[in-house]
Amino acid sequence: MFVLSGNLHGGTVVASYPFDDSATHESRGHYSRSDDDSLFRYLARVYAQNHPTMKTGQPNCPDTPEETFKDGITNGAQWYDVPGGMQDYNYLHGNCLEITMELSCCKYPRASELQKEWDLNRESLLAYVEKVHIGVRGYVREAINGTALPDASIVVAGIKHDLTTGQYGDYYRLLLPVVIITINSMLEGKATELNFTLAPVVSKPSDNVTVPSSPMPSATTATTPLSSTQPIQPQEFRHHNYADMELFLRRYDSEFPSIAHLHSVGRSVEGRELYVMAISDNPAEHEQGEPEFKYVANMHGNEVVGRELMLNLIEYLCRNYGTDPEVTWLVNNTRIHIMPSMNPDGYEVAKEGDVKGYKGRNNSNNFDLNRNFPDQFATITEPRQPETMAVMNWLRSIPFVLSANLHGGSLVVNYPYDDDKEGITQYSQSPDDKIFQQLARAYSQENPLMHNGHPCEDLYPDEYFQDGITNGANWYNVPGGMQDWNYLNTNCFEVTIELGCVKYPLAKDLPKYWEQNQRALLQFIHQVHTGVKGIVTDIKDGTVIPNATISVDKIEHNITTAQTGDYWRLLVPGTYILTASARGYTPVKLYATVPKEGVEVVNFKLTRIHSEPKGQSPKGPPATQDPSEEEFQSFIKDLSLGTGLDELVRSTATESSFRYRRYIELAKSLRGLTLNFPKITSLRSLGQSVEFRTIWALEISNNPGEPEPSEPKIRFVAGIHGNAPVGTELLLEFATFLCINYGKSPAITRLINETRIIILPSINPDGRELAKEKQCTSMVGMTNAHGKDLDTDFFGNASQRVVEAQPETRAVMDLILERGFTLSVALDGGSLLATYPYDKPVQPVENEGTLKYLANVYASNHPKMHLGDTGCPNNGQMGNIPDGVLRAAERQSHMGSMKDFSVDFGHCPEITVYTGCCLFPPVEQLATLWAENKKALLSMLVEVHKGVRGVVRDKSGKPIVGAMIVLNGGVRVFTTKGGYFHALLAPGNHNIEAVADGYQQQRQEVVVSSYEAASSIVIEFDMDNSIFGLPREFVVATAAASMTALVVTACIIWCVCSAKSNRQKDGFHRLRQHRDDYEDEIRLTSMGSKKSLLAHEFQDESESDEETLYANKL
């Protein structure tokens, strides 16, 4: 549906506007006015006034030198009559306004003239395009169900030219600015949004003008009166097989696009979609402050009542929105998610009339899905099923508040816990037992038969549930149940509702189930609006704080805020002490009184814990933050909070053709990137493999090849095992994705400009040449050409190395030893998890909190990995791995790994990401694997900018290279050129020590946030005035006094020795043998011991006065 058009001609220089001919078809001079004549003249003048020649009105064409046009525009028919012209057809038969531009006197100018013509018309073309945004735009929808109304007429009073809405009820009506002002006091240059909601004529046409309504703040808002008639009830009751259910859902998604959004959260074993219908006034996304509610049905395939009730509920909500007050309020204030069937495969084999059987209960792999979730008391050994994993992923992606799981076979509401430590039938109380009882009663009391407590007297005569509710474990133990997993692993409170005694009733009985449960289903949704809700923000700038913890005094169950900073905490009426806490913030406690009806709003504003100096703080100036740094801080925060990263992924979709590339094609692909994007890429060889294939490293940055020590440097590595080439293809696609979006996506451009990205797509190209596609467990190609597993060849100490390093290893080690890297991510295959150092058996792991946190960041941004279910029967890892993160040694301990070398000798944290169970999956799976890892890879580019960074210098401002930065008394990093350092740290408080030879040691405490870029700190050293830990002045004075004493003592000794030597002669003098003589000698010489005397028994006394010599006695 075009709005504005230009028809470009040649032969003169003028802008011509409708009409092009007249009823009389006079050849010239007849002004043929359209109903939008003023608008057309305005549009033509916009073009002409921006054209240097056209605006003069004197084209001076050689063929018509006397021809002039006032202001460079003309009415078409006044110039000359043109019947059958395109511009008139556009105006009369479409919604499009078109003018004709004559661009030059010469119709086919020489090629050398084209640059001049472009310069003359460039500004005019752009100015004309901008005018498509003037006037009024909006949507026309049906008032009851929100359906778009195509072909509705849009009439402007005083202008006898109507246009119609498009396929989606949208319209765009160009109008002059003065007209816009009279309509809605809007300024020129921006279209006013004016939406219409039309109510169907029930009895007789109304003469009243429909009031426009719009959700936009800038537009007029009006509400449609709600009907006082009875709600519309579902009309058809039947059992829907999968195909029938799918058509039903697609039909309502199509009929009610403004409030219904159909999507799939995964597939069953047999490939059927696990459909979810979201119903709200903004169904496709979470709205801050609006709670998320869900119903899940048909978890057991032969328990079908819930499946049909959910389809009835979808119909009821859609049909009554806009007319029934209760439905309209619920839909406008709640996002309601409905999954009619969690086990569509089981349903297809179940049989109508089944009362208490089991056929179809389990999924196609014959596993009970309600015994398949991770459990707090029991170990679930059965492999996690596709349906289970899809639902777990779905539940973690949306901040659900309240839920119900619909079953059949009894008539009761069952609440947590479903099992207990002993595994016996007894009451297993959760910390929120009171609110669970309240929620359960809210449903049961609206179903009289259920509330009676004697549900199935014919089948189970002894069964009784007081008020129609029961604690799960007090009924019977259910390890691995979904409701307990919801409560323990998400913010969601879930109960299980048994809807009837017969599991698969006859179709003719379905209406009574709707009649019994309609009020209960609606009343249970209302419960999501009880308790306490609010938003947690930063007190300084109002930024929302995601993942903040909300705790309630005396209730040992916390919830967390959503990515949009909002929370909902279900509580029974009463007064509570609530605490909001977040890493890097001071906790805040507030009192809240929960009313009997409605919800209490409690907002929290938290104060950041500022970095305070500790010990000997730097004496240099405090770190300053220039505007560009503040802007970058905001940029990183936007990507880290809410849906920032998801929006980036959605906005940067690129067409991809996935294939496996061997070495030659890989090299060509890398060279192709450097040829097509020379300003941001640089390719270099690190070395060669055993078989002389090059180990390539691609750098992506705004100054490739140039050292920029102030920017973080991240390394992506793949292909260490040639039989796992998925990582290689993901990194090649990642590099292509970054290059294509540079200059196109502001976020990608900013990340590349602020980061040095080094990509090593294949470090074992020889092994890759041997590996074969579709070999999920084959070891062929795992090692290099010498048969060496390269991930066992990284040793930094010569004493640890038995043989010379492999050439591939040496090439990568040299890169790692260049230092300067802030983070490294290695991609491998054979599992679905992220591991962190060490691979060697080290206990404890230094800086484990940070290393684990980095692996968590990757896993949490992967749609499957964070669920912790590897689902890899080929490697024996069938258990649940919390958050999909594991210390590497716990997976497979070995020496000489690349990540250990990176940490120990490169001083760079490295995580290894295992992208999937199959080592070499079919090429058809690459697109899916890319979609799963794209966001996670981008998250690493964001994460590398966090932690702590700064510069170390002396008092004169000279940067200190090689200064050691000690983190929390353990991990060390070193300053690089310019004195820069950057270290990643887990969110929280950390101690930093800076050490450099000849300078005083500095200590500082910093606060690291999970969503803020690292703030720059300046560490300024003083000269070290201490010697042996004592003040320099004291040590110098002491040393001087000591030296003086030594000199004096030496002088005295010298004098004594000189005096004595004057009486001595040459020769040997035998000392006296009598004790009395020795005593005299002792007194004279002041010798200190008998040992000293004996040492002088024979002395050279050539100058002695003694006459008796030992030799003379011979």
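**Entry 1. Whole chain**

I began with the accessible surface of the chain, which comes to about 51,300 Å², with 52% of that belonging to carbon and sulfur atoms. Accessible areas come from the Shrake-Rupley method with a 1.4 Å probe, and for residues only the protein chains shown count as cover. I note that this is a predicted model, in which local features need pLDDT of at least 70 and side-chain atom pairs count only at pLDDT 80 or more, while totals for chains, interfaces and linings use all residues. Residues are numbered from 1 along each chain as its sequence is written, and side-chain values use heavy atoms, with hydrogens and water left out.

I looked up burial next: of the 1114 residues of the chain, 52% count as buried. Buried means under 20% relative accessible area, exposed over 50%, and partly exposed in between (1.4 Å probe, protein chains only).

For secondary structure I find 29 helices and 46 strands. Both are DSSP runs numbered from the N terminus, helices being H or I with at least four residues and strands E with at least two.

Of the contacts with a separation of 6 or more, 74% are between residues 24 or more positions apart. A contact here is heavy atoms within 4.5 Å.

**Entry 2. Confidence**

I checked pLDDT, the predictor's confidence in each residue, from 0 to 100. The chain averages 86, and 86% of the residues score at least 70. Over residues 179-188 the pLDDT is below 50, and this stretch has 16 contacts in the model beyond near neighbours in sequence. Residues 201-225 also stay under 50, and there the model has 30 contacts beyond four places in sequence.

**Entry 3**

I took strand E6 (residues 153-156) with E7, which pair in the antiparallel sense over three bridges. Pairing requires that DSSP finds at least two bridges between the strands. Ile 154 has Leu 163 in E7 as its bridge partner. Two residues lie between the strands of this hairpin, and Gly 158 takes a positive phi near 90 degrees.

I then sorted the faces of E7 (residues 159-164): Ile 159, His 161 and Leu 163 are on the covered face, and Lys 160, Asp 162 and Thr 164 on the uncovered one. In a regular strand the side chains alternate between the two faces of the sheet.

**Entry 3. Surface patch**

I noted a nonpolar surface patch of about 280 Å², made by Leu 8, Trp 118 and Leu 125. Patches are made of residues with over 30% relative accessible area and no salt bridge, like charges being joined within 9 Å and nonpolar side chains (Val, Leu, Ile, Met, Phe, Trp, Tyr) within 5 Å. Leu 125 sits in helix H4 (residues 114-130).

**Entry 4. Salt bridges**

I find 46 salt bridges in the structure, each a side-chain nitrogen of Lys or Arg within 4 Å of a carboxyl oxygen of Asp or Glu.

Asp 345 and Arg 272 form one, with the closest N and O atoms 2.8 Å apart. This pair links distant parts of the chain, Asp 345 lying in helix H9 (residues 344-349) and Arg 272 in the loop between strand E11 (260-267) and strand E12 (273-279), 73 residues apart. Both Asp 345 and Arg 272 are buried.

Glu 769 and Arg 662 form another, with the closest N and O atoms 3.9 Å apart. Here Glu 769 is in helix H21 (residues 765-770) and Arg 662 in the loop between helix H17 (644-651) and helix H18 (663-676), 107 residues apart. Glu 769 counts as partly exposed because its relative accessibility is 22%, and Arg 662 because its value is 35%.

I also recorded a network of salt bridges that links Glu 303, Arg 361, Asp 368 and Arg 371.

In helix H22 (residues 807-817) I list as buried Glu 808, Thr 809, Ala 811, Val 812, Met 813, Leu 815 and Ile 816. Their cover includes strand E28 (681-688), strand E29 (694-700), strand E30 (713-718), strand E31 (756-760), H21 and helix H25 (898-904). Arg 819 follows H22 and has a positive phi, near 60 degrees.

I ended at Ser 689, in the loop between E28 and E29. Ser 689 is buried because its relative accessible area is 4%. Not counting residues up to four places away in sequence, Ser 689 touches Ile 695, Pro 765, Asp 766, Pro 807 and Glu 808. Its C-alpha atom is separated by 9.8 Å from that of Arg 810, 121 residues apart along the chain.
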